[in-house]
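I opened this model to look up a handful of local features and write down what I found. The entries follow in the order I checked them.

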Amino acid sequence: MVLMKVVVLAAGYGTRLERDLSAPTNSTHRHLQGTPKPLLPVGGVPLLTRWITHFSQLDPLPEQVVVVVNDLHHNKYVSWQRSLPPHPLDLVLLNEGSHDNDHRSGAVACIKLATDTDPAHHWLVVAGDTLLPPSFSVSALVKQQQQREGEAVSVIISAPVQEQNVSKHGIIEADDDGRVMKLLEKPDPCSTPSRLQSPCVYLLHCQALPFLQEFLESRKDRPLSERDATGHFISELVCRFPVYHVSVKERYDIGGLESYIQCCQAFQVLEKPNIVGSIKSS
């Protein structure tokens with residue numbers, strides 16, 4: 001059985017959130033200025049720490065967890081890593097080297113940067129500014145992949161999307177067996193009957209990893225926005241390899257201040273006050 005490694009994408013610059021935090025109308029959350037989105041507290045716990053807690057509770061554990069960060073915020077992640085309670089993970093920070101948003105590598109390039117360190121493993125890809133409900137477990141993706149062993153299957157997450165938000169997300173169309181036939185990046189609602197969005201939580205089969213290079217090479221002369229969005233990669237991957245989806249009831253994606261506040265409010269309801277699963281001791 002091929003074991004799994006994890007890459008958390010944390011090299012973004014959160015420009016929309018920074019604009020919101022610096023706005024004159026914002027006073028309550030101004031203290032968060034300069035905080036990378038994966039380090040924002042939700043219920044008093046950074047988003048990234050919540051993922052580390054989750055990975056620490058998997059059986060078997062991931063072989064390694066790689067957090068890809070930019071150079072501007074690298075020291076903040078070093079401080080975060082040092083502040084973590086004991087955990088059983090092999091946790092590595094990988095600096096992609098950029099100092100500003102205009103020179104960022106892009107999400108797909110960051111996936112490749114991490115997976116190139118060990119292309120023999122399957123890799124779980126998680127956006128560092130995304131959370132899923134506490135009831136979610138990565139084990140559901142692993143199980144789906146293992147059930148189709150021998151097919152080079154990758155597995156992605158799907159979640160319902162409201163009608164007015166279809167054009168803001170990557171939308172998947174799947175057959176009755178759960179195989180993803182298309183991923184449409186921010187489509188017109190009239191162009192698809194599907195109301196399933198695809199958060200950036202993917203379990204990529206090791207045989208699919210070489211396609212990262214092919215994808216990036218084919219778009220090297222296009223704007224960064226067309227190389228950055230992971231949905232564009234998945235939309236082409238489904239034409240080359242079998243991709244299935246596992247459904248969750250909700251996803252929490254922090255873009256600007258409003259979505260951050262909504263995420264915090266949702267987790268206040270989902271969790272009892274001041275109680276979050278503890279990291280398993282090593």
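This is a predicted model: local features need pLDDT of at least 70, side-chain atom pairs count only at pLDDT 80 or more; totals for chains, interfaces and linings use all residues.

Cys206 is in no disulfide, and the nearest cysteine sulfur, in Cys200, is 19 Å away. Cys206 is buried, at a relative accessible area of 16%. I then looked at Cys263, whose closest cysteine sulfur belongs to Cys264. The two sulfurs are 5.7 Å apart, which is too far for a bond, because a disulfide needs the pair within 2.5 Å. Cys263 is buried as well, with a relative accessible area of 1%.

**Helix H5.** Which residues of H5 are buried? I noted Leu141, Gln144 and Gln145. They span an arc of only 95 degrees around the axis, so they sit on the same side of H5. The general rule I had in mind is that an α-helix has 3.6 residues a turn, so residues three or four places apart point the same way. On the other side of H5 I found Lys143 and Gln147, both exposed.

I asked next what covers the buried residues of H5. The cover includes strands E6 (122-127), E8 (154-160), E12 (201-204) and E13 (243-247).

Gln144 belongs to H5, which runs over residues 139-147. Its relative accessible area is 13%, so I logged Gln144 as buried, the cut-off being under 20%. Setting aside residues up to four places away in sequence, Gln144 touches Val155, Tyr244, His245 and Val246.

**Strand E12.** I traced the pairing of E12 next. E6 and E12 are antiparallel and share four bridges; in one of the pairs, Val126 has Val201 of E12 as its bridge partner. E8 and E12 are also antiparallel, joined by two bridges. Val155, which is among the contacts of Gln144, stands opposite Leu203 in E12.

I checked the side-chain directions along E12. Val201 and Leu203 point one way, Tyr202 and Leu204 point the other way, and all are buried. In a regular strand the side chains alternate between the two faces of the sheet.

**E4, H3 and E5.** What handedness does the β-α-β unit of E4, H3 and E5 have? I recorded it as right-handed, with H3 covering residues 74-83. Strands E4 (residues 65-69) and E5 (residues 91-95) run parallel and are joined by five bridges. Val66 has Val92 of E5 as its bridge partner.

**Nonpolar cores.** The largest nonpolar core has 49 residues. Phe55, Val65, Val67, Trp80 and Leu124 touch the most other members. In soluble globular proteins, nonpolar side chains tend to be buried together.

I listed the contacts of Val67, leaving out neighbours within four places in sequence. They are Val8, Ala10, Leu48, Leu91, Val92, Leu93 and Leu94. Val92 is also the bridge partner of Val66.

Most residues other than glycine have a negative phi, and most peptide bonds are trans.

- Asp59 and Pro60 are joined by a cis peptide bond, with omega at about 5 degrees. Pro60 lies in the loop between helix H2 (47-56) and E4.
- Ala152 has a positive phi, near 55 degrees, though it is not glycine. Ala152 is in the loop between H5 and E8 and is buried, at a relative accessible area of 8%.
- Lys186 also has a positive phi, near 50 degrees. Lys186 is in the loop between E10 and E11.

**Pro187.** I ended in the loop between E10 (180-185) and E11 (196-197), where Pro187 lies. Is Pro187 buried or exposed? Pro187 is buried, with a relative accessible area of 8%. Apart from neighbours within four places in sequence, Pro187 is in contact with Val166, Ser167, His169, Ile171 and Thr192. I also took the C-alpha separation between Pro187 and Pro88: 42 Å, for two residues 99 apart along the chain.

Key
Residues are numbered from 1 along each chain as its sequence is written. Side-chain values use heavy atoms; hydrogens and water are left out. Buried means under 20% relative accessible area, exposed over 50%, partly exposed in between (1.4 Å probe, protein chains only). Contact means heavy atoms within 4.5 Å. Two strands pair if DSSP finds at least two bridges between them. A crossover is right-handed if, with the strands pointing away from the viewer, the path from the first strand over the helix to the second runs clockwise. The arc is that of the directions from the helix axis to the C-beta atoms. A nonpolar core is a set of buried Ala, Val, Leu, Ile, Met, Phe, Trp, Tyr and Cys residues joined through side-chain atoms within 4.5 Å.
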